[in-house]
Amino acid sequence: MAGVAVLAGLTVPLAVATPAAAQTGTFAYVANGASDSVSVIDTATNTVITTIPVGDGPGGAAVTPDGSRVYVANVGSDNVSVIDTATNTVITTVAVGDFPGGVAVTPDGSRVYVANGGSDNVSVIDTATNTVITTIPNGDGPLGVAVTPDGSRVYVINALSNSVSVIDTGTNTVTTTIPVAAGPRHLVVTPDGTRVYATNFASGRVSVIDTATNTVTTTIPVQSFPEGVAVTPDGTRVYVTNFFSSSVSVIDTATNTVIATVIVGARPVGAAATPDGTRVYVTISSSDHVSVIDTATNTVITTIPVGDSPNAVAIGTVPAEQIPTRLTLRLEKKGKHGKDALGAGGRSGLSLQARLTAEGQPLAGKPIDFTTDSISLCTDTTDSSGKATCKVPRKQDNDTCYTATFAGDDTYEPATATVCRKHGTSSQPPELEDSEGLSAIPGQALTPAART
């Protein structure tokens, strides 16, 4: 059973880190149906960086929008393997229905919909617990599945009843069924959510569904036995794999006509577009490789060997691992003449001194937020020594705790630190004068009491 091509619009690219920092990466996850594995391709180098064992006969794959997980449907073992993209290991398996094929993730990443071709239903997985929370009766032989960009509906191919079911995600019930041409296989929703493109294996055509009316508005002739389908992130092109023609048809969505045909290799199955829309990755089942299409020229620019009988391919952007940080905070108490102003009840010259480091080195140019009782005091940017300063307003209660927060970014983990005054006196224990936090969640103050 062939896998579903994943909607490229569901993959959300993350912001690129600063040049000196580790970069995020975009990876293609290829389900190898005959070798029970997933090949991971680094799209920057077009090389396989690792191969992950999964269940029997993987036939569908989808990446969560944050790039942290890949869900792979195993046709032969009736379950879904959940891959952690940070370690490229299977962290759990989820039992679903018979012969699971298509997989799709909602845009918020909270749910995974799995089409079970042998039990005529769709399993809904809660990604927080990786458990099936409901099963939705569907048409005959559900295979391809895709979610609308707003997450309100799921479209499911019924391969044996020549139709497409529409599921309301609010109620997880089928609200309508749309007749399509013979032998439907896979489908995608355009990024604007207005149309669905469904391949019809037996009729050599692509059905175009208007999502406003849930009716087929036109069919587009392609080549022999169209199988997989992908849409570019800008919605202007749809790429259709033609299983028995060794080709990919390129459809212009403005005119719904084929504008190019790309020869890719014998028996192409799955297709997926990169988040930037510059390339389409196509699995070639007969020769165990992936063909990479340059969308600017619609030519194959390289081929990548993978496992046996590759079918589904999903592409996602995975964030680089963040570096732990350390934040320290001191309450400076010197008055105008260098004497302790707090011991005599004075309030002049009071300031907060924070220092941010990572792996023992100061971090410059990072914003530090200073607060007290959730009230913002000021924000300062760390200097070359990793230091940031905030002058405290004069009128503060005698019992006051101050917090410094680094919110973190693509490269560095967040951290907080808190320091407290006691009854306006300078006889505070030393630990209340200098507090530190290690990669804490912003807003969670690491008080000395919490650390001991």
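A disulfide here is a pair of cysteine sulfur atoms within 2.5 Å, and a search of the whole structure turns up two of them. This is a predicted model, where local features need pLDDT of at least 70, side-chain atom pairs count only at pLDDT 80 or more, and totals for chains, interfaces and linings use all residues. Residues are numbered from 1 along each chain as its sequence is written, and side-chain values use heavy atoms, with hydrogens and water left out.

**View A. The C378 to C390 disulfide.** The S to S distance is 1.9 Å. C378 sits in strand β33 (residues 375-381) and C390 in strand β34 (residues 387-391), twelve residues apart. Strands (E, at least two residues) are DSSP runs, numbered from the N terminus. C390 is buried, at 0% relative accessible area; buried means under 20%, exposed over 50%, and partly exposed in between (1.4 Å probe, protein chains only).

**View B. The C401 to C420 disulfide.** Here the sulfurs are 2.0 Å apart. The torsion about the S-S bond is about 105°, so this disulfide is right-handed. C401 belongs to strand β35 (residues 401-406) and C420 to strand β36 (residues 415-420), so the pair ties together parts that are 19 residues apart in sequence. C401 is partly exposed at 32%, whereas C420 is buried at 7%.

**View C. F99, with a positive phi.** Most residues other than glycine have a negative phi. F99 isn't a glycine, yet its phi is about 50°. Look for F99 in the loop between β7 (89-95) and β8 (100-105); its relative accessibility of 44% makes it partly exposed.

**View D. R267, with a positive phi.** R267 isn't a glycine either, and its phi is about 60°. The loop between β23 (257-263) and β24 (268-273) holds R267, which is partly exposed at 39% relative accessibility.

Conventions: Helix = DSSP H or I, 4+ residues; strand = E, 2+ residues; numbered from the N terminus.
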